[in-house]
Amino acid sequence: MDSYFMLIVQNLFLHNINQNNKNRKMYQLAQINVARMIGANIEDPVMKEFVNHLDSVNQLAEESDGFIWRLKDDENNATSFNPLNDEQVIINLSVWRNIESLEYFTYKTFHVDFLRRRKEWFQKYGKAYYALWWIKNDEYPDIDEALKRLEYLQEYGPSSYAFTFQNVFQAL
């Protein structure tokens, strides 16, 4: 009887692991980050060094393992979007295979150098300047949805609706 019980428990355990892996494969990670520039707009001289490295950082992201998509215009530019009607605000919206791939790009590549220096170019942006959330595979977030998730995170804190690297919620 004990071995039969153990077999049932093992099967349930394996089923749960398989189900979690299956669910993880059905979802991808969306992220938005928003920044308010110190300069009047992206062409302000104070933003020059940041702008000079933007293409190489974006290329690194696009070539990173786990990268899926990023919001950009026909000229490969994401800074042209102005959803908040504020020339000092820029957004970045992207999709990644999982937390690990975005986290690696963010903190383990030369991108981290710009993250560490963000105070040279950007002012503080509310309680949270980025938000993460799960979306179904082959779907892409729009700017309005992404901004709502960031606003929710700022107002209510981390949840499965919007979270941070420090408070990750798994895909359902």
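Arg149 and Glu145 form a salt bridge, with their closest N and O atoms 3.2 Å apart. A salt bridge here is a side-chain nitrogen of Lys or Arg within 4 Å of a carboxyl oxygen of Asp or Glu. Both residues belong to helix α5 (residues 143-156), where they sit four residues apart, about one turn of the helix. An α-helix has 3.6 residues a turn, so residues three or four places apart point the same way.

Arg149 is buried, with a relative accessible area of 13%, while Glu145 is partly exposed at 26%. Buried means under 20% relative accessible area, exposed over 50%, and partly exposed in between (1.4 Å probe, protein chains only). Helices (H or I, at least four residues) and strands (E, at least two) are DSSP runs, numbered from the N terminus.

## Basis of the model

This is a predicted model, in which local features need pLDDT of at least 70 and side-chain atom pairs count only at pLDDT 80 or more, whereas totals for chains, interfaces and linings use all residues. Residues are numbered from 1 along each chain as its sequence is written, and side-chain values use heavy atoms, with hydrogens and water left out.

The structure holds eight salt bridges. One of them joins the side chains of Arg36 and Asp86 (2.5 Å, N to O). This pair links distant parts of the chain, 50 residues apart: Arg36 is in strand β1, and Asp86 is in the loop between β2 (67-70) and β3. Arg36 is partly exposed, with a relative accessible area of 22%.

Glu49 and Arg117 form another salt bridge, their closest N and O atoms lying 2.7 Å apart. Here too distant parts of the chain are linked, with Glu49 in helix α2 and Arg117 in the loop between α4 and β4 (122-123), 68 residues apart. Glu49 is partly exposed at 34% relative accessible area, and Arg117 is partly exposed at 27%. A network of salt bridges links Glu49, Arg117 and Glu120.

At the start of α3, a side-chain oxygen of Asn98 comes within 3.3 Å of the backbone nitrogen of Glu100.

Methods
A polar contact is a pair of N or O atoms within 3.5 Å; within protein, one must be able to donate a hydrogen and the other to accept it, and residues adjacent in sequence count only if both atoms are side-chain atoms.
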